[in-house]
Amino acid sequence: MKLKTTALIILSLVLFLVQSTMAQPRAELKKVTESVYSYLAVPGGTPGNAFSANAGIIIGKDAVLIVDTLTSAGEAEAFMADIKKITNKPVRYVVNTHFHLDHALGNSYFADKGITIIGHAKCRDAIITNGSQFLETPDMFGLPADFWKETRTVSPDITFEREMLIDLGNLTVKLIHSGIKSHTAGSVIVHVPEQNVLFTGDILFTDFHPYLAEGDLPGWEKNLNFISALNVKNIIPGHGPLSTNKDIEAMKTYLTIFDKNAKELSAKEKDIEKLTSAMLKVLPKLSNGDFIVSMNLGGRYLIKSEK
Ligand SMILES: [Zn+2]
C-alpha cells in the first residue's frame with residue numbers, strides 16, 4: 001500500500017471509528033458442513049469485532065486447518081479457545097487468504113504454537129512490507145494503545161503461486177490463486193471440494209460494502225467468474241453472511257456500479273463527505289460497511305487528481 005493511500009484510508013477510518021464502541025459481541029463458530037465451521041463475525045465492522053472479518057476451520061481426520069487469523073494475537077487466542085470447544089485434533093495449518101490486518105494480524109499467536117502459516121508469495125511480501133506500519137499506529141484504527149502489545153507481524157512460512165493441496169487425513173484442501181489480481185495481488189481462495197465449501201477471503205463481500213481501494217477491478221471480475229464456475233454450494237465470504245453464487249453476481253454488479261459512478265462523480269466533487277453521500281445514493285443499499293465507501297473514494301478515486 002502506498003503511504004499516501006494508507007494515510008487517506010486511515011483518515012477515513014478514524015472519521016468512522018470515533019463513532020464506534022469497543023464492546024462488541026464476538027464471532028462464533030457455526031457448523032457449515034460435517035467438517036467445516038465458519039467463524040462468522042457479527043455485523044457492524046468496528047475494530048472491536050475485527051472489522052467483521054470472517055474466518056473458519058476445516059477439520060480432517062488427522063489435523064485442523066484454520067482460514068485467516070483476525071486482527072490480533074489476542075483475537076487469535078480467543079478463536080483458538082473456541083476451536084478447542086469443537087475439536088481436540090491438532091491445529092497444524094493456518095492459511096492467510098490475503099495480507100490485510102483483519103485477516104492476518106493474528107498470525108503471531110499461531111506461529112508461537114508452532115503452527116505452519118501458508119499464503120500466496122505476494123501475501124508474504126505484503127505482510128513483510130506493510131505489517132509493522134499497522135502495529136505502530138493502533139490509534140489510527142480507533143484501537144487502544146495496547147491493542148497490539150502482544151502481537152507481532154508474522155508472514156507465511158510456506159508460500160505458493162497458483163495451487164497447493166493440503167491433506168488433512170480424509171480431506172483435501174485446495175488453495176488456489178487464479179493467476180490474476182483481485183482484492184489484492186495475493187488474494188487466494190480455500191476450496192474443500194469434498195465438503196462443497198469455499199472460503200473466498202475478501203474477493204467476496206456479501207451485503208457489505210467491499211474494500212476496493214487497492215483492488216484490480218477487471219481482474220477482480222475475472223476472479224469472481226472463476227469462483228462462480230466452481231459452482232460451490234456453501235461460500236464463506238471475507239465479510240458478510242454465508243453466501244451462494246447469487247451473491248457473486250451481486251458483487252460483480254456492485255463493482256461495475258461503483259467504478260462507473262465513482263469516476264463520474266469524483267471528476268466533479270472533490271469533497272470526500274459530499275462525494276460519499278452522493279455515492280451512497282447510487283450504490284445498492286447494503287446492511288454493512290458504509291464507512292468503506294469513503295475509504296475507497298479517498299484511497300482510489302480522489303487520489304488520482306493529486307498525482
Ligand atoms: Zn481485505
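**The hairpin and its surroundings**

A: Strands β8 (residues 163–167) and β9 (residues 172–176) pair in the antiparallel sense over 5 bridges; pairing requires at least two DSSP bridges between two strands. The model is a predicted one, in which local features need pLDDT of at least 70 and side-chain atom pairs count only at pLDDT 80 or more, whereas totals for chains, interfaces and linings use all residues. Residues are numbered from 1 along each chain as its sequence is written. Strands (E, at least two residues) and helices (H or I, at least four) are DSSP runs, numbered from the N terminus.

Within this pair, E163 has I176 of β9 as its bridge partner. The two strands form a hairpin with 4 residues between them, and G169 in the turn has a positive phi of about 115°.

The loop between α5 (121–135) and β7 (158–160) contains D146. With 9 other C-beta atoms within 10 Å, D146 is exposed; the limit for exposed is 12 or fewer such atoms, buried means 20 or more, and partly exposed lies in between, with C-beta atoms placed from the backbone. D146 lies 11 residues from L135 in sequence and 10.0 Å from L135 in space, C-alpha to C-alpha.

Among the helices, α6 (residues 217–230) packs against α7 (residues 245–268) at an angle of about 170°, with the axes 10 Å apart. Axes are lines fitted to C-alpha atoms over the stretch in contact, and angles between N-to-C directions run from 0 to 180 degrees. Helix α6 is therefore roughly antiparallel to α7, a term for angles over 145 degrees. From α6 the contact (C-beta atoms within 7 Å, placed from the backbone) draws on L217, W220, E221, L224, I227 and S228; from α7 it draws on N245, I248, M251, K252, L255 and D259.

In helix α8 (residues 272–282), the residues I272, L275, T276 and M279 are buried. These four cover an arc of only 100° around the axis, and so lie on the same side of α8; the arc is taken over the directions from the helix axis to the C-beta atoms. E273, K274 and K281 are exposed on the other side of α8. The cover over the buried residues of α8 includes α7 and α9 (290–301).

Key:
Parallel < 35°, antiparallel > 145°, perpendicular 65-115°, else oblique. Contact = placed C-beta atoms within 7 Å.
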